[in-house]
Amino acid sequence: MKLPKNLLQAVIIGVGMAAATTACDKVEVTTSDCDDSCKKEKVCIHEIRKQAQYSCPACGMG
Amino acid sequence: MRKIHPGIACNLDAHILSAAVPLLEQAQVGAIEWSFDALFRLRDVPEWFQGLLQAFAEAGLLTGHGIYFSIFSAQWSKEQEAWLSHLRALSAEIKFDHISEHFGFMTGADFHNGAPMSVPLTNATLAIGADRLMRIQDACNCAVGIENLAFAFCEEEVKQHGDFLSRLLIPVNGFLILDLHNLYCQMKNFDVDYEALIGHYPLDRVKEIHISGGSWAPASGAPGGQVRRDTHDDAVPAEVFELLAHTIPRCPNLKFVLLEQIGSGLQTDLQKVRFRQDYLRMCAICESVEIERDAAAGGNNFLPAGEFHLPAPVEDAMLYEQQAALSQILENASGGADAARRLATSILAGTPWQTEHWPEYMLETAVQIAQKWKKGFVV
């Protein structure tokens with residue numbers, strides 16, 4: 001599919017910026033996502049992998 | 001002849017996207033599949049990615065592929081309710097050609113954790129699966145489908161998987177995503193022929209085919225001493241391309257053929273080049289192979305005849321207990337032998353799970369997968 005020129009340009013810039021970022025995101029999660037180390041807190045900050053390093057178990061054999 | 005749209009599984013992943021950019025520039029990408037539930041911890045999807053999704057959606061070339069709904073969980077959860085609400089809202093904003101999910105139940109104690117494992121292929125699990133597919137259809141208001149699972153505990157299960165999928169999809173008039181690398185894993189792990197398996201799948205319900213690469217793990221007792229795993233982190237094997245060429249003609253309702261690879265397998269320039277080569281090889285096969293479309297089998301839009309009557313979600317307390325026990329064993333066993341010992345004295349022994357027939361090398365694999373994904377993708 002042919003993408004509009006301005007969209008393609010935005011994608012190229014966006015991907016370039018995402019690829020250049022390697023640090024972890026710090027993301028607030030609710031306590032239901034916590035483990036034993038922090039489940040007493042109301043709101044915790046967890047470090048999660050950036051989407052750049054994301055992989056998933058969907059296939060069931062990964 | 002109806003057109004097949006070749007495409008890529010494309011999530012908000014810098015490696016996948018940077019590998020795909022040259023293909024996007026050359027207008028080679030014919031469709032995008034987005035795992036819309038993989039971003040649940042990310043608050044803001046960048047505008048440019050939204051724009052990319054929207055452009056494909058407007059052309060009818062965006063498909064949604066869920067990961068975490070856990071179709072066969074025997075107990076209905078508030079997280080599944082939230083997942084459906086999210087899908088309902090998203091479907092009002094962006095037009096998916098269809099929505100699909102994976103076969104199995106998630107082993108993790110919490111939503112978004114664990115890996116999908118198979119379930120006994122019984123009328124009880126069939127009722128749960130059909131109920132969940134109807135709920136997904138009700139939320140997204142478009143065609144709904146399910147993907148065959150790569151993992152199987154035993155050969156008998158592999159041989160029954162296709163027929164079970166067929167029965168599962170009829171009530172919702174759903175479609176099948178036939179993942180050929182998943183099929184390849186089953187062929188290799190149980191030394192079964194393609195022809196012996198493919199005939200059991202409802203090929204007239206295949207709307208989408210997936211291909212991908214994977215990896216080998218040493219496993220004593222397995223055919224050839226190794227287990228094929230669908231890790232999506234390497235190039236597509238030549239044999240899977242052959243399977244694609246053999247399978248396309250037999251799928252009269254095929255619309256999409258997608259290449260899946262995860263970002264961690266696309267970090268080097270060489271890996272990205274191989275990804276694009278695989279993609280173009282896939283496109284060439286899609287163009288060169290003709291589908292045997294017969295009037296009787298073709299033309300299914302995979303929409304239900306009418307609205308579903310959806311009473312309380314189907315649940316099965318005993319099956320749920322068994323799923324919880326299996327998850328606990330897989331997540332805590334020291335290996336396949338230990339898992340087998342634990343299963344022999346568990347509530348799964350002597351049940352339709354038929355754990356007595358599970359070879360140790362596949363139990364070992366199940367332990368590895370469940371423990372790898374126990375914490376989802378949290379560091």
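I began with strand β4 (residues 98-102) of chain B, which pairs in the parallel sense with β7(B) over five bridges. One pair I looked up is Ser100(B), whose bridge partner in β7(B) is Gly145(B). Bear in mind that this is a predicted model.

Next I followed the chain onward from β7(B): it crosses through helix α5 (residues 155-169) of chain B to β8(B), and this β-α-β crossover is right-handed. β7(B) and β8(B) are themselves paired, parallel, over three bridges. Here I noted Ile146(B), with Leu176(B) as its bridge partner in β8(B).

Is β7(B) covered or open? Strand β7 (residues 143-147) of chain B is mostly covered, with five of its five residues buried. I checked which way they point. Ala143(B), Gly145(B) and Glu147(B) go one way from β7(B), while Val144(B) and Ile146(B) go the other way.

Then I went to the place where β1 meets β12. Strand β1 (residues 5-9) of chain B runs parallel to strand β12 (residues 256-260) of chain B, and four bridges join them. Pro6(B) stands opposite Val257(B), and Ile8(B) stands opposite Leu259(B). On its other pairing, β1(B) goes with strand β2 (residues 32-34) of chain B, parallel, over two bridges. The bridge partner of Ala9(B) in β2(B) is Glu33(B).

β1(B) is mostly covered too: five of its five residues are buried. I found another right-handed β-α-β unit here, made of β1(B), helix α1 (residues 14-25) of chain B and β2(B).

**Into the core**

Which residues touch the most other members of the largest nonpolar core? The core has 116 residues, and those with the most contacts are Ile8(B), Ala20(B), Ile32(B), Ile146(B), Leu176(B), Leu180(B) and Ala366(B). I picked Ala20(B) and, leaving out residues up to four places away in sequence, found that it touches Ile8(B), Cys10(B) and Val29(B).

**A stop at His357**

For contrast I turned to a loop. His357(B) is found between α11 (336-344) and α12 (360-372) of chain B. Is His357(B) buried or exposed? It is exposed, because 11 other C-beta atoms lie within 10 Å, and the cut-off for exposed is 12 or fewer. Beyond neighbours within four places in sequence, His357(B) is in contact with Cys154(B) and Glu156(B).

**Chain A and the scores**

Chain A has one helix and two strands, in the pattern α-β-β along the sequence. Of the 62 residues in chain A, 24% are buried.

Last, I wrote down the confidence. Chain B averages a pLDDT of 92, and 94% of the residues score at least 70. The model scores ipTM 0.86 and pTM 0.89.

How values were computed. Residues are numbered from 1 along each chain as its sequence is written. Chains are lettered from A and ligands numbered from 1 in the order in which they are written. This is a predicted model: local features need pLDDT of at least 70, side-chain atom pairs count only at pLDDT 80 or more; totals for chains, interfaces and linings use all residues. Two strands pair if DSSP finds at least two bridges between them. A residue is buried if 20 or more other C-beta atoms lie within 10 Å of its own, exposed if 12 or fewer, and partly exposed in between; C-beta atoms are placed from the backbone. A crossover is right-handed if, with the strands pointing away from the viewer, the path from the first strand over the helix to the second runs clockwise. A nonpolar core is a set of buried Ala, Val, Leu, Ile, Met, Phe, Trp, Tyr and Cys residues joined through C-beta atoms within 7 Å. Two residues are in contact if their C-beta atoms, placed from the backbone, lie within 7 Å. pLDDT is the predictor's confidence in each residue, from 0 to 100.
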